[in-house]
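Morning, everyone. I'll start with a term, then go through the fold.

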Amino acid sequence: NESRVLGAYVQPNGATNIGFRNVAVAFSNTAIVATGGVVNVTFTALNRANYTAQWSTNLVSGLWSPLTNVTASGYTTTVTDTNPAVVRFYRPVLQRN
């Protein structure tokens, strides 16, 4: 199953490009909004479920770093990256208890 992953590319002059890449990931309905050096990532969630938002600069490496943990309050959840790199890809990971 291939899905589209959104990534934000911040140019040296501060302009932001947002793009897609097809990868094998199991989530959908993710939106990225980049303004003023901050990236907000909104994704479809299960109400009251716990997620770890992760980021990566390289989809091929398979290495992901945690951005933050969040508990969904509704069926979408937004996390904020206040320190986005030149290129970052984002994904939510459902925490299993």
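First, the term: strands are DSSP runs of E with at least two residues, numbered from the N terminus, while helices are runs of H or I with at least four. Two strands pair if DSSP finds at least two bridges between them.

Now the ground rules. This is a predicted model, so local features need pLDDT of at least 70, side-chain atom pairs count only at pLDDT 80 or more, and totals for chains, interfaces and linings use all residues. Residues are numbered from 1 along each chain as its sequence is written, and side-chain values use heavy atoms, with hydrogens and water left out.

Confidence next. pLDDT is the predictor's confidence in each residue, from 0 to 100. The mean here is 77, and 69% of the residues reach 70 or more. Residues 22–26 fall below 50; that stretch still has 13 contacts in the model beyond near neighbours in sequence. Contact means heavy atoms within 4.5 Å.

What does the secondary structure come to? We have 0 helices and 8 strands.

Start with β3 and β4. They pair over 5 bridges. Ala-34 has Val-39 in β4 as its bridge partner. Their hairpin has 2 residues between the strands, and Gly-36 takes a positive phi near 55° there.

On to β4 and β7. β4 covers residues 38–44 and pairs with β7 over 6 bridges. Phe-43 stands opposite Thr-77 in β7.

Phe-43 comes back in the core. A nonpolar core is a set of buried Ala, Val, Leu, Ile, Met, Phe, Trp, Tyr and Cys residues joined through side-chain atoms within 4.5 Å. Buried means under 20% relative accessible area, exposed over 50%, partly exposed in between, with a 1.4 Å probe and protein chains only. The largest core has 13 residues, and those with the most contacts inside it are Val-41, Phe-43, Tyr-51, Val-79 and Tyr-90. β4 and β5 (50–56) each supply at least two of its residues.

Last, the whole chain. Of the 97 residues, 36% are buried. Thanks.
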